[in-house]
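Please keep the structure in view while reading.

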Amino acid sequence: MVETISGVPVVNADGLIQMKQKLGREKDLADIALIEKMRETSQRS
């Protein structure tokens, strides 16, 4: 899921998670855990 911000294409968090899941590397799975943790923290605020 790519969005354009100020003319620059960027991937949103859902798209980033999907890409990292496909790669399946240990560091990508750790990144996914961090992204999900940040989402949980921001939802509580």
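In this predicted model, Asp 31 is partly exposed, with a relative accessibility of 28%. The side chain of Asp 31 forms a salt bridge with that of Lys 20, with N and O 2.7 Å apart. This pair links distant parts of the chain, as Lys 20 is in helix H1 and Asp 31 is in helix H2, 11 residues apart. Lys 20 is buried, at 14% relative accessible area, because buried means under 20%.

| Salt bridge | N to O distance |
|---|---|
| Arg 39 and Asp 14 | 2.5 Å |
| Lys 20 and Asp 31 | 2.7 Å |
| Arg 25 and Asp 28 | 2.6 Å |

Arg 25 is partly exposed at 41% relative accessibility, whereas Asp 28 is buried at 1%. Salt bridges with shared partners join Lys 20, Arg 25, Asp 28 and Asp 31 into one network.

Arg 39 and Asp 14 form a salt bridge. Arg 39 belongs to helix H2 (residues 26-44) and Asp 14 to helix H1, so their contact ties together parts 25 residues apart in sequence.

Strands S1 (residues 2-5) and S2 (residues 8-11) pair in the antiparallel sense over four bridges. Ile 5 has Val 8 in S2 as its bridge partner. In the loop between S1 and S2 lies Ser 6, with a positive phi near 50°. Most residues other than glycine have a negative phi. Ser 6 is exposed, at 75% relative accessible area.

Val 2, Val 11 and Met 19 make a nonpolar surface patch of about 260 Å². Met 19 is in helix H1 (residues 13-23) and is partly exposed at 43% relative accessibility.

Conventions: Residues are numbered from 1 along each chain as its sequence is written. This is a predicted model: local features need pLDDT of at least 70, side-chain atom pairs count only at pLDDT 80 or more; totals for chains, interfaces and linings use all residues. Side-chain values use heavy atoms; hydrogens and water are left out. Patches are made of residues with over 30% relative accessible area and no salt bridge: like charges are joined within 9 Å, nonpolar side chains (Val, Leu, Ile, Met, Phe, Trp, Tyr) within 5 Å. Accessible areas come from the Shrake-Rupley method with a 1.4 Å probe; for residues, only the protein chains shown count as cover. A salt bridge is a side-chain nitrogen of Lys or Arg within 4 Å of a carboxyl oxygen of Asp or Glu. Helices (H or I, at least four residues) and strands (E, at least two) are DSSP runs, numbered from the N terminus. Buried means under 20% relative accessible area, exposed over 50%, partly exposed in between (1.4 Å probe, protein chains only). Two strands pair if DSSP finds at least two bridges between them.
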